[in-house]
Amino acid sequence: MGTFDIRELRRPVIVAPMAGGPSTPELAAAGSNAGGLGFLAAGYLTADALAERVTAARGLTSEPLGVNLFAPQPSAGTPEQIQAYADALAGEAQRYGVALGEPRYDDDAWAAKLDAVLDLEPEVVSFTFGLPSEPEIARLRSAGITTVGTVTTLDEAWLAVSRGIDALAVQGPGAGGHRGTFDPSASPGSQSLDHLLADVLAAVDVPVVAAGGLISADDVAGVLAAGAVAAQLGTAFLLADESGSSPVHRAALQSREFTETVVTRSFSGRYARGLRNRFIVDHDGQAPLGYPEIHYLTSPVRKASVAAGDPQATNVWAGTGWRRARTGSVAEIMEGLTPDR
């Protein structure tokens with residue numbers, strides 16, 4: 001394992017990486033300063049922008065920090081499917097006065113970001129949507145970086161451990177935002193976090209973090225009692241003072257207008273959980289799998305929706321426990337989740 005051991009956290013709570021805005025340097029640093037572990041989300045950033053954020057967070061804390069990278073996977077979509085969806089979204093583009101984005105495939109600057117974290121040496125690097133190669137994991141470990149694989153099934157957990165990953169973040173179906181499923185064409189696993197956690201703990205001998213739908217002190221205590229070394233929470237920190245959540249996102253989370261979260265592929269072409277809004281109702285049945293092409297296709301509409309103060313055509317990612325998300329500082333939210341130890 002790298003030089004940092006998640007089992008040594010003063011407070012066994014990880015502030016989950018949330019790409020697309022919420023994960024600011026301030027949020028990550030505050031999570032670490034409160035005795036937990038704060039993560040910076042590399043998704044959708046350039047390698048230079050990631051480096052700037054890690055450096056900014058380092059200026060705000062002397063405690064350990066984590067960085068999360070999206071592992072590249074092939075797209076599950078065909079050009080014909082993506083074009084058909086673009087045709088179906090023409091009315092949305094017109095409604096918000098924008099042109100649809102150009103659907104394209106990329107690997108989220110994987111190699112450049114891997115080089116960046118090797119240069120910056122955060123204590124922990126985690127991976128979502130898949131895993132690095134064995135040589136890439138070896139490079140990270142030789143730099144003293146602890147590696148964490150996000151897994152959603154027992155098979156993914158076995159694969160991660162066999163490849164040399166130091167620890168696992170076991171993500172249950174209640175998670176907000178994207179599911180970490182390795183296979184981009186597979187339906188996300190529906191096994192409850194409790195059962196998945198038990199299966200993984202029985203099968204592996206690396207530290208296991210529990211994630212997905214956790215929001216309260218009771219949730220944290222429950223997964224720790226079950227054998228997890230820490231709980232990873234994202235939605236619980238969306239309303240934190242230090243979060244970069246947009247005003248539209250914050251208002252929607254606190255609004256009585258929304259009654260449930262659903263798993264949708266309509267915004268990105270990958271399965272993700274968010275508040276059920278008009279866009280999901282109108283388009284989820286039309287949306288193909290095709291990440292990241294669909295992400296780029298819908299991006300201008302989502303940005304225009306936010307700019308208009310309208311939560312109905314943008315992704316309002318949230319886990320199943322969103323109703324219990326608290327406002328306040330990260331330190332205050334952390335205090336309410338677990339005693340310092």
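## Helices α5 and α6

Helix α5 (residues 110-120) and helix α6 (residues 134-142) have axes that come within 10 Å and cross at roughly 20°. Helices here are DSSP runs (H or I, at least four residues) and strands are runs of E of at least two, numbered from the N terminus. An axis is a line fitted to C-alpha atoms, for helices over the stretch in contact, and angles run from 0 to 180 degrees between N-to-C directions. α5 and α6 are therefore roughly parallel to each other; angles under 35 degrees count as roughly parallel, over 145 as roughly antiparallel, 65 to 115 as roughly perpendicular and the rest as oblique.

The crossing of α5 and α6 is left-handed, a term used if the near helix is turned anticlockwise from the far one by less than a right angle, with right-handed used if clockwise. From α5, the contact (heavy atoms within 4.5 Å) involves Trp 110, Leu 114, Asp 115, Val 117 and Leu 118, and from α6 it involves Glu 136, Arg 139 and Leu 140. Five of these residues are nonpolar, none polar and three charged. Ala, Val, Leu, Ile, Met, Phe, Trp, Tyr, Cys and Pro count as nonpolar, Asp, Glu, Lys and Arg as charged, and the others, Gly among them, as polar.

## Basis of the model

The model is predicted: local features need pLDDT of at least 70, side-chain atom pairs count only at pLDDT 80 or more, and totals for chains, interfaces and linings use all residues. Residues are numbered from 1 along each chain as its sequence is written, and side-chain values use heavy atoms, with hydrogens and water left out.

## Other contacts and the end of α5

Helix α2 (residues 47-58) also packs with α5: the axes come within 9 Å and cross at roughly 25°. That makes α2 roughly parallel to α5, and the crossing is right-handed. Ala 47, Leu 50, Ala 51, Val 54, Thr 55 and Arg 58 of α2 meet Ala 112, Lys 113, Ala 116, Val 117 and Leu 120 of α5. This contact has eight nonpolar, one polar and two charged residues.

Glu 121 lies in the loop between α5 and β4 (124-128). Its phi is near 55°, a positive value in a residue other than glycine.

## Helices α3 and α12

The axes of α3 (residues 79-88) and α12 (residues 293-307) come within 11 Å and cross at roughly 15°, so α3 and α12 are roughly parallel to each other. Their crossing is right-handed. Ile 82, Tyr 85 and Ala 86 of α3 touch Glu 293, Ile 294, Leu 297 and Thr 298 of α12. By class, five of these residues are nonpolar, one polar and one charged.

Pro 292 sits in the loop between α11 (278-283) and α12. The peptide bond from Tyr 291 to Pro 292 is cis, with omega near 5°.

Tyr 291 and Pro 292 are also among the residues closest to the centre of the largest cavity, together with Pro 72, Gln 73 and Asp 106. A cavity is a set of points on a 1 Å grid over the protein atoms alone where a 1.4 Å probe fits but cannot get out, and lining residues have an atom within 4 Å of a point. The lining of the largest cavity has eleven nonpolar, one polar and four charged residues.

Note on methods:
On a 1 Å grid over the protein atoms alone, a cavity is a set of points where a 1.4 Å probe fits but cannot get out, and a pocket is an open set with protein on both sides within 12 Å along at least five of seven lines; lining residues have an atom within 4 Å of a point.
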